[in-house]
Amino acid sequence: MPLDLHSVSAQVHAMGDDLRAHSAGRLDLLEKAVELFKASGSATRFSPASPPNDYRALATDGSHIDVDRHMPVPCALINISKVMLQYGSAPGVRLGSQPRLYATAEELSVGTQADQESQPLTGALMGLRRTVEEVTALAELAEEHADTLLTLGLIDGSLILWSPEFHSYPEHVRRSLLDDGFLPALDRLKAVAERKRLTVAAYISMPRSTTVVNMLPLQEHTQGDYRWMVDRDVFERTLAVGERSGTFPSTSAYVREHYREHATHFYYLKTEQEMARVEVPAWVAEDEALLALTHSLLLDQCRKGLGYPVAIMEAHEQAVIGGHERELFRQMVEEALARQGLDVYTSEKARSKRLRWV
Amino acid sequence: MNTIANTTNYTTRLGEVVETSSAAFTVQCYDLYGAPALGALVRTGRDSPVYGVVRNVVTSSMDPGRRPVARGQDEADEEAVYRSNPQLDKLLRTDFQATIVGYPDSVGTGMRYGLPSQPPRIHAFVHACAPPEVRAFAEDLRFLPLVLAGAAPEADEVVAAFLRQAASAHDDSQAFLMKAGRQIARLLSRDLQRLNAILGSLRA
């Protein structure tokens, strides 16, 4: 039977009632938080400069098909997109994506070393590898377009290589992702920025971070439960449309220890449509001109993208692997095995999902 | 009579066949808004060319799941919308459909009007025909019923547009139009309303 929407609707209504009952008390807590934030001296605000007429936006994104244990062989696919949009006197565009199959034992593991146990590339680790590939592709893109034109390199999501499972992986696996992938890609971006007019930012829509809220002495001043509060709530009340907050360093000890000159900093940006969190590496955060450029160019990208940076949106569109394509990939794998005279053994569970007998 | 061989130098490549059937084919243009005019004569294929008359031009989103949205409220003019959104060039596509009207005879010197034994292939290159080729093709108008078979009044507009373009490819365009008018009068002798509509459109 399909989803019982009747039952869902009743529960959603109840959720709405519950939220309203809580909102009054929350407003008081929020006002206290805003007051404390203003008193902290960190509540600086910056207006945007007007964006340059001529500039270029670069963005990459990825999508993947994870190793599926119901498939006849272990293999995975990562599709990485590259997008270049050029504005001003010589408008131009480049859209594309490059898929890569991961099939050998070496490709399907992370942190392979003589005396260390490697980790299978699947699940959250696959997502981390994809992030590494996305940033590497952005570095390639920046090198391919390293000329005199002002360029903004954009990453969708965080500049911190992280997932909830990240710290459960052995240290050599984490270091392998960082030292052999993520940080070298950021090194390449920085090298381009040293020679050409490149700035780099990561854009997080609807951020749930609490870094700034956690810095406020709320516990000393209130009795209420404020664990629901996120940074966005505070900045919604302190920034005007178009403004950005001051820049804060990431509080992660792991970032401080390992990210070198790429240590993540962030600011909040109030676009016409939403409150976004923008992350930049230290070398951008410390250069006022590069930092201000991320601000004005991101606002322009959001305006052109009707609320969301257009280059990131197009990168997503180029990278996404649809349901039909996933099915075609599975068929392709099965056919390739059959052509080689290899046994195509698919799990009965996967088969029953496809056939859906009545 | 002009032959294919001595008229092809004047042509430009517009796009490729992406849908094909015995009576018509659809072409995806290489350039956004790069379709020839309604009623234009186009040629497809190299080894066994087929002629078509453009009967419909469509510009739409490349991805059927992504609809275009209004973007120009704050822009000074329409061109600025495209300058501010360079990705549109790659996300929109222009297609056109052509009614098949003839093909060169096996010797390559004359024209066969009507449907070929096989339609053009998918990915066949499609060229715009230059005036000498249009003139050569329009020497005989017995293919017109194939175009007129389409739904009126659009089909009548396509015929009139073809004849106007063919006329301008002739030195004596008036004489060509007189000849064409007589031929259409014979074809549509039982449908005076359509005949008047086409003749009226030709005079316009």
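Helices (H or I, at least four residues) and strands (E, at least two) here are DSSP runs, numbered from the N terminus. The model is predicted, so to speak of local features we ask for a pLDDT of at least 70, and side-chain atom pairs count only at pLDDT 80 or more, while totals for chains, interfaces and linings use all residues. Residues are numbered from 1 along each chain as its sequence is written, and chains are lettered from A in the order in which they are written.

**View 1. Leu239(A) in its loop.** Look for Leu239(A) between helix H6 (231-236) and strand S9 (244-245) of chain A. Leu239(A) has 19 C-beta neighbours inside 10 Å, so it counts as partly exposed (buried takes 20 or more other C-beta atoms within 10 Å, exposed 12 or fewer, partly exposed is in between; C-beta atoms are placed from the backbone). Leaving out residues up to four places away in sequence, Leu239(A) touches Arg45(A), Ser245(A), Tyr268(A) and Lys270(A) (contact means C-beta atoms, placed from the backbone, within 7 Å). Arg45(A) is 194 residues away in sequence, yet the C-alpha to C-alpha distance is 6.8 Å.

**View 2. The largest nonpolar core.** This core has 75 residues, and Leu58(A), Leu138(A), Leu154(A), Leu189(A), Ala201(A), Val278(A) and Ala311(A) touch the most other members (a core is a set of buried Ala, Val, Leu, Ile, Met, Phe, Trp, Tyr and Cys residues joined through C-beta atoms within 7 Å).

**View 3. Where chain A meets chain B.** Here 11 residues of chain A are in contact with eight of chain B. Strand S3 (76-87), strand S4 (92-102) and helix H10 (310-319) of chain A each give two or more residues to that side.

Note on methods
Contact = placed C-beta atoms within 7 Å.
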